[in-house]
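Student: Could we go through this model together, step by step? I would like to learn how to read its backbone and its helices.

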Amino acid sequence: MNDFRAGVFLTAAQFPGAAAGDVLADTVEAIAAAEAAGFDDAWIAEHHFMSYGVCPSAVTLAGVALGRTSRIRVGTAVSVLSTQHPVALAEQAAVLHHASGGRFVLGVGRGGPWMDLEVFGTGIERFERGFPESLDLLCAALGSAKVAADGEFFRFREVPMMPPGCAELRPVVACTSSGTLALAAERGLPMLLGMHMDDEEKAAMLAEYARVSDRVDHVAAVVGHVADTTEEARRELAAVMPSWLGPGLAGYVTVDGRPKREQDISAYVDMLCRIHPVGSPDHCVETTLATLRRTGLRHLIYMVEGAGGPARTLQNITRLGAEVLPRVRAGR
């Protein structure tokens, strides 16, 4: 598994009792720790108006983290394209790419029908119909010295991109549906698959993508948590994660009053513990290797904050880096 790449996935979750500003500072510290522990990359989530994740600008926090590190790549998982101008996002990505020596990775997603669309004035139409146009404009701005638009949602004369884009800045696209998968595959863009999917679901998405494009550098999120025993690891997450996920997911408010899917939080956490590398070092190695074999993936990003608090997150990153990643890379 010499081609295996491992990252950390940081939601900037606000566990009970934590101040939002401290969470953001702790997220940067976690990325520095991930670099020291041997991870290849770190990915920052973006959310608005909720405690599920208190980072509203993953690009901004990625810039801070890039300034604190020297080797690790830092990405967004994801920047929500439905609530911002694609050219403005491309400009920010180009700044980080050039200033960091190519260590920035832009992940984008469609987002959801949330209040963000009202607050930022982009409207429900950008979410429901505008993602293909936004994605194409983003790719054009990222890869060209000049860009213009003549579409339904964006129309402007040609302007120079400054700093100019480059081929390496092609985005990764969060895919949770066949429609978004088709958009990514038709454009040859790699997918980011969520941690709510098990190995079989991930494998099915990859097979569907492969019918259109032979691109293979996809990324998938998993929960990663190490303890001395598997029972202890699962017990720790079951005791703490619902206290963050419950209030956090309740923060999603639809812009048009449509009902949102209710979820049994404890059952969801139990499912995550069963399908992901949550357990003893041996169990985490075995589970990771099984995922790689079943799916063909070679790039996983571990959600490491599940036990809550900066000290526990840093300990988890260190143990994953020391006790799991070297064995996965060795294939045993």
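Student: How many helices and strands are there in the chain?

Tutor: Before counting, note that this is a predicted model, in which local features need pLDDT of at least 70 and side-chain atom pairs count only at pLDDT 80 or more, while totals for chains, interfaces and linings use all residues. Residues are numbered from 1 along each chain as its sequence is written, and side-chain values use heavy atoms, with hydrogens and water left out. Helices (H or I, at least four residues) and strands (E, at least two) are DSSP runs numbered from the N terminus, and the chain holds 12 helices and 14 strands.

Student: What is the radius of gyration of the chain, and why does it agree with a compact globule?

Tutor: The radius is taken over C-alpha atoms, and the globule rule is 2.2 Å times the number of residues to the power 0.38. Because the chain has 332 residues, a compact globule would have a radius near 20 Å, and this agrees with the chain's value of 19 Å.

Student: Which peptide bonds are cis, for example around Val 78 and Pro 163?

Tutor: Most peptide bonds are trans. In the loop between strand E3 (73-76) and strand E4 (79-80) lies Val 78, and in the loop between strand E8 (155-160) and strand E9 (172-174) lies Pro 163. The cis bonds are the one from Ala 77 to Val 78, with omega near 5°, and the one joining Met 162 and Pro 163, with omega about 0°.

Student: Is Ala 12, with its positive phi, buried or exposed?

Tutor: Ala 12 is in the loop between strand E1 (5-10) and helix H1 (20-36), and its phi is near 55°. Buried means under 20% relative accessible area, exposed over 50%, and partly exposed in between (1.4 Å probe, protein chains only). Because its relative accessibility is 0%, Ala 12 counts as buried.

Student: How is H1 oriented against helix H12?

Tutor: Axes are lines fitted to C-alpha atoms, for helices over the stretch in contact, and angles run from 0 to 180 degrees between N-to-C directions. H1 and helix H12 (residues 310-330) pack at an angle of about 15°, with their axes 9 Å apart. Angles under 35 degrees count as roughly parallel, over 145 as roughly antiparallel, 65 to 115 as roughly perpendicular and the rest as oblique, so H1 is roughly parallel to H12.
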